[in-house]
Amino acid sequence: MTRHHGEQRWIAHALPIRTGKVLLLHRNPRGVMGDLWDIPGGSVGPGETPAQAARREVGAETGLDVLVADELTHFVDCGDIDVHTITFVCFENEVDRDVSLTTPEHYEFEWMTYREAVHVPLVWHVRKALDNAEALGLLS
């Protein structure tokens, strides 16, 4: 059971999947979580659902237009502020559109298979999302 201490912060992520591969973004070495591989995501804004935020973040960070599907993972870090980290599966609305990195927090991207992805340094929640997606057969 999750204990809530009052203030809540929600961070929404999306795991873009294209023909059994996931889109991973390589974080800038000089930034937060530098040199780790991540997925698109960010804070949920006022009046926004986590799914809406995940879709917005994919568009803002990669230029892709996606359909956000099911919740894949949801973690809560309880403290002075309860931080929810939620990840959704998503699929492209326009197949094979080029990825365009639009923020300085990421400097390269790659579509990877599950086997490739688990051999690069990942942000903690990304590995768990990948494991769940693989177990559900989404990456086959």
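Helices (H or I, at least four residues) and strands (E, at least two) are DSSP runs, numbered from the N terminus. This is a predicted model, in which local features need pLDDT of at least 70 and side-chain atom pairs count only at pLDDT 80 or more, while totals for chains, interfaces and linings use all residues. Residues are numbered from 1 along each chain as its sequence is written, and side-chain values use heavy atoms, with hydrogens and water left out.

View 1. The C-alpha atoms fill a box of roughly 40 × 35 × 30 Å, taken along the principal axes. A compact globule of 140 residues would have a radius of gyration near 14 Å, and the chain, at 14 Å, agrees with this; the radius is taken over C-alpha atoms, and the globule rule is 2.2 Å times the number of residues to the power 0.38. Of the 140 residues, 41% count as buried, where buried means under 20% relative accessible area, exposed over 50%, and partly exposed in between (1.4 Å probe, protein chains only). Among contacts (heavy atoms within 4.5 Å) with a separation of 6 or more, 68% join residues 24 or more positions apart. The mean pLDDT, which is the predictor's confidence in each residue from 0 to 100, is 93 for the chain, and 96% of the residues reach 70 or more.

**View 2. Helix α1 and the face that it buries.** Helix α1 takes in residues 50–62, and its 13 residues should span 18 Å at 1.5 Å a residue, which agrees with the 18 Å between its end C-alpha atoms; the expected span is 1.5 Å times one less than the number of residues. The buried residues of α1 are Ala53, Ala54, Glu57, Val58, Glu61 and Thr62. Seen down the axis of α1, these buried residues fall within an arc of 140 degrees, so they line one face of the helix; the arc is that of the directions from the helix axis to the C-beta atoms. An α-helix has 3.6 residues a turn, so residues three or four places apart point the same way. What covers the buried residues of α1 includes β1 (8–18), β2 (21–27), β4 (41–43), β5 (66–77), β6 (82–92) and β7 (106–112). Just after the helix, Gly63 takes a positive phi of about 80 degrees.

**View 3. Glu57, a residue of helix α1.** Glu57 is buried, with a relative accessible area of 11%. Not counting residues up to four places away in sequence, Glu57 touches Pro40, Gly41, Gly42 and Ser43.

**View 4. The largest nonpolar core, with its 18 residues.** A nonpolar core is a set of buried Ala, Val, Leu, Ile, Met, Phe, Trp, Tyr and Cys residues joined through side-chain atoms within 4.5 Å. In the largest one, Leu15, Val22, Leu24, Val126, Leu130 and Leu139 touch the most other members. The elements that give two or more residues to this core are β1, β2, α2 (114–117) and α3 (124–135), and α3 gives the most, with four residues. A second, separate core of 15 residues includes Ala12, Ala14, Val58 and Leu64. Leaving aside neighbours within four places in sequence, Val126 is in contact with Leu24, Trp37, Asp38 and Ile39.

**View 5. Thr102, in the loop between β6 and β7.** Thr102 is partly exposed, with a relative accessible area of 47%. Although Thr102 and Thr62 are 40 residues apart along the chain, their C-alpha atoms are separated by 6.3 Å. Residues up to four places away in sequence aside, Thr102 touches Ala60, Glu61 and Thr62.

**View 6. Met33, in the loop between β2 and β3, and Asp35, whose place is in the loop between β2 and β3.** Met33 is partly exposed, with a relative accessible area of 37%, and Asp35 is partly exposed at 36%. Most residues other than glycine have a negative phi. Phi of Met33, however, is near 55 degrees, a positive value in a residue other than glycine, and phi of Asp35 is near 70 degrees, which is also positive. Met33 touches Arg27 and Val123, not counting residues up to four places away in sequence, while the C-alpha atoms of Met33 and Val58, 25 residues apart along the chain, are separated by 18 Å.
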